[in-house]
Amino acid sequence: MALPDDKVDEIRSTVDIVDVVSDYVRLKRSGQSYKGLCPFHDENTPSFHVNPEDNLYYCFGCQKGGDVFSFVQEMEGVGFVESARWLAERTGVSLPQSEAEEEAASHREAIYQALRIAGRFFYRQRTQSERGAPARRYLSERDFDADTLKTFGVGYAPDSWDALLTAAQEEHLKPEILHDAGLIIERNAGDGYYDRYRGRVIFPIFSHIGKVVGFAGRILDADADQPKYINSPETEVYHKSDVLYGLYQGKQAIRREKEVWVVEGYTDVMALHQAGIEHAVATCGTALTPSHVQMLDRYAQRVILLFDGDEAGGRAARSGLKTVLSEGLGAYAVTLPAGHDPDSYVKEHGADALHQHVANTRSDLPQFMVNQAREAGRMQTPEDRVEVQSEVVAAVAAIPDANLRREYVRQAADVLDVPPGDLLADLERQREAQQKKQRRRSQRSRPSPPPPPQDNAPPNASPRTPQPGENGSDERETDRSYRVLPEERLLLRLLLEKGGRMIQYVLSHMALDEFSEGPVRKLVQCLMQMYKDGSVQPDRILRGEEGPVLQQLAASVRVDEYSPSENWEHRRDIRVPRLNERPYEAAASAMTLLKLDRVDDALREARADIRRADRNGADDLTELQNRLMKLTNLRKHIHNRDYLNDPPTG
C-alpha cells in the first residue's frame, strides 16, 4: 500500500538521521555535520558524512548517499514502504490504514505494550526486589556483570502464580492482551489466568530493531519437575523462526566483522558479548531456518556455527551448514572440546583462546560431514564411503551459486580423495532431481492465476504519487566514476538549496551543455524541467524519485561542507563568497569559473589544431587563427563577467 506524501514528509521531519545512523555507525561531530567509518565499504579513514540539517548522508569513498529512508533500506535490506513503517514505529508517527488494518495494528501495538511492561516488571524484580535474590545469586555465580545483564535486560519472574498478572492489571492491561502476548495461561476450568513464568530467570527476546517480542525463562530450582527452559509461544508478534537472540545487541559488530557466530544458548550469547565477542547470536529454541539466514545476510558474509560436541550438536551443525549454504552465505562449523559450551570455554580460557580455536578448527560442509562420518565409523567399507560421498554431493548440490558449488566440489574431492569429475557428474544428477522436486512442490502450491488486467483504468481512478524506487525511470547507471568540477558542485548545491529563483538566474546565463556530460547535466536538466513545470521540488531527487544516481549526486553536494577554495582567487583572480554570505554572487563566480574551464578547453584544442596544421604544411591558417582570436576575446568577455549582461541563453 502506497503511503501518502504528507505522512512521508511527517516522518522525514520527525526523525533524526543522526540517531538512526548511530545505531550502525560510530559518529563524531565534524563542524555542522557528523562523520564516521562508512558501513557500506571497508575504510580506515572516515569518509562517511551525515548532515542533520537536511537529514542526508553521503560517503565520499564509495559515493553512496541519500536520505534517512534510503539509509534504512540499505542497512536493513527492505523496500521504501517497509523503511517508512520502520521509521514511523521508531518516531511514533501513525500511518493511515484500512479499518481492518487499523484494528489489527491496534491489537498488535497492545501486545507490544504488554511485552514492554512485562520486560520492565521482570527487570525490576531482579534488580530491586528481595524476591529477586535467587536470580541475582545465580547470575553472580555464572559471572555475569551488571553491564551485560543490563544490555540484555535480564530479569526475574517471582515464584508466584499471579505476580505479573497483578502488576499488569495495575497498568490497566486486559488479561486477554496478556494472553495473546504469551505472558499468561488460561486455567483449565476457564475461570481465569495464571502467569506463564514463575521462579525463573527471564531473558527478553528483542526484534532486530529493539522491540521486546517474547521471553525465555530458565528454572532456578534444579529439583523442580519442569523443563529447564520455557519460551514464549508463537504470537502475533513473535515467530521463533524469524528471531535471533542477541541480533539487536550485536548487529553493528556483525556488520563490522562481516561474520556471525551462531551458538545454542542465551547465556552463550551473553558470555561471548561480555568477553568482547559481540558478533554472536542464538536461535530461540529452534533449528536455524532460512528466514534466520536471510536476516543474517543483511549484516554478514560468513556464518560460524559453534555447537556442542555431542551427537545432537553435530546434527544441528550439519543441518545449519546446509541451511546457510542454501541461502548463499559462507558456512563453517566449529566443535568445542568435550564438556565445553561457548559460555564455559570463554570464561575458562578467554576470548583470544576461543578466537584461536575457531580459526584452527573450523570446517566447511564437506570436511565436517566426512569428519562426522569417520567418527561414527561410516568410512570403513567401500559401501559406506559411497554413501557418505552421495550425502556430501547432495548437500553441495543445494548451493544456489554455481561458482560456490564448483569450489565446494573441489573441496569435497580433496576430502573424499576422488576425482572432481566423478563428483561433478553425480552433482548434476542430484541437482536435476532437486529441481524436479522443487518444480512439483511449486506446482502444488501455485495459486490460481489472477484475472486478466483491464485495458482501461476506472473513470474515477486518481494518479498516485510514485514512491521512491517505483518511478518508471530506465536509469540504471551504477558508474560512480563521473567527475564533478568544484564549481559545478557549488552550483548544484545552490540550485538544490535556493530553488526556483536560483534556477532561473543560473540557467538564464548558462547553457545546459556547459555542464559536464552525464549525471551532472541530468541533474541540472531535471531541475530545469521542474522549474518549467512550475513546481521545483528538490526533495523528490533526494528521496530517489528521479533514480539512485541523481539521488546520490544530490546528497553528495548537499552533505559536502565544501567552501570555495582560496586558490580560485589566486589562480584566476575570481573571489567566490561563502554560500551563506551572498549566494547569487557565489553563483556568478562559479558560473564564471565553469565557463572559463570550457573556453580554456576550447583554446587548448584550437592551439593544437594550429600546430597540427602547421606541421602538415597548410598554406592558410587564417580560419584557425580567427577561431583562436574569437575564443581569446570570449575568454576576456567571460572573465569580465560581461556575459551577465547578455540576453538569456534560453
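Predicted model: local features only at pLDDT ≥ 70, side-chain atom pairs only at ≥ 80, totals over all residues.
Let's start with the core. The largest nonpolar core in this model has 65 residues. Which of them have the most contacts inside it? They are Phe122, Leu183, Ile205, Phe215, Tyr245, Trp261 and Leu354. Keep Leu183 and Tyr245 in mind; both belong to that group. Helix α5, residues 99-128, gives the largest share of this core, with nine residues. As background, nonpolar side chains in soluble globular proteins tend to be buried together.

Zoom in on Leu183. What does Leu183 contact, once neighbours within four places in sequence are set aside? Ala114, Leu115 and Ala118 are among the partners. Leu164, Leu178 and Phe215 are also on the list.

Five strands form an open sheet, in the order β12-β14-β13-β15-β16. The pairing is mixed. Which strands sit at the edges? β12, residues 244-245, and β16, residues 330-335. Each of these pairs on one side only. β12 pairs with β14, residues 280-283, in the antiparallel sense, over two bridges. Within that pairing, Tyr245 stands opposite Ala282 of β14.

Stay on β14 for a moment, and look at Thr283, which is found in that strand. Thr283 is buried, with a relative accessible area of 11%. In sequence, Thr283 and Tyr245 are 38 residues apart. In space, their C-alpha atoms are 6.1 Å apart. What does Thr283 touch, leaving out residues up to four places away in sequence? The list is Leu244, Val263, Glu264, Tyr266, Leu288 and His292.

Now to helix α1. Which residues of α1 are buried? Lys7, Val8, Ile11 and Arg12. These four cover an arc of only 140° around the axis, which puts them on the same side of α1. The face turned away from that buried side carries Asp6 and Ser13, both exposed. What covers the buried residues? The cover includes β5 (65-67), α3 (68-76) and α4 (80-91).

The side chains of Asp9 and Arg12 meet, N to O, at 3.2 Å. Both residues lie in α1, which spans residues 5-14, and they are three residues apart, about one turn of the helix. An α-helix has 3.6 residues a turn, so residues three or four places apart point the same way. Are the two partners buried or exposed? Asp9 is partly exposed, at 38% relative accessible area. Arg12 counts as buried, at 14%.

That pair is part of a longer list. How many salt bridges does a search of the whole structure find? The answer is 31. Take two further examples. Glu387 bridges to Arg378, with the closest N and O atoms 3.9 Å apart. Glu387 is partly exposed, at 42%. Arg378 counts as partly exposed too, at 24%. The other example is Glu546 with Arg540, at 2.6 Å, N to O. Arg540 counts as partly exposed, at 26%. Salt bridges can also share partners: in this way Asp54, Arg493, Glu497 and Arg558 are joined into one network.

Last topic: backbone angles. Asn55 is not a glycine, yet it has a positive phi of about 55°. Where is Asn55? It lies in the loop between β3 (48-51) and β4 (56-59). Asn55 counts as buried, at 8% relative accessibility. Arg641 is not a glycine either, and has a positive phi of about 65°. Arg641 sits in the segment after α27, residues 622-639.

Definitions and conventions. Residues numbered from 1 in each chain as written. Heavy atoms only, no water. Core = buried A, V, L, I, M, F, W, Y, C linked by side-chain atoms within 4.5 Å. Buried < 20%, exposed > 50% of the residue type's maximum accessible area, 1.4 Å probe, protein only. Contact = heavy atoms within 4.5 Å. Salt bridge = Lys/Arg side-chain N within 4 Å of Asp/Glu carboxyl O. Pairing = 2+ DSSP bridges. Arc of directions from axis to C-beta.
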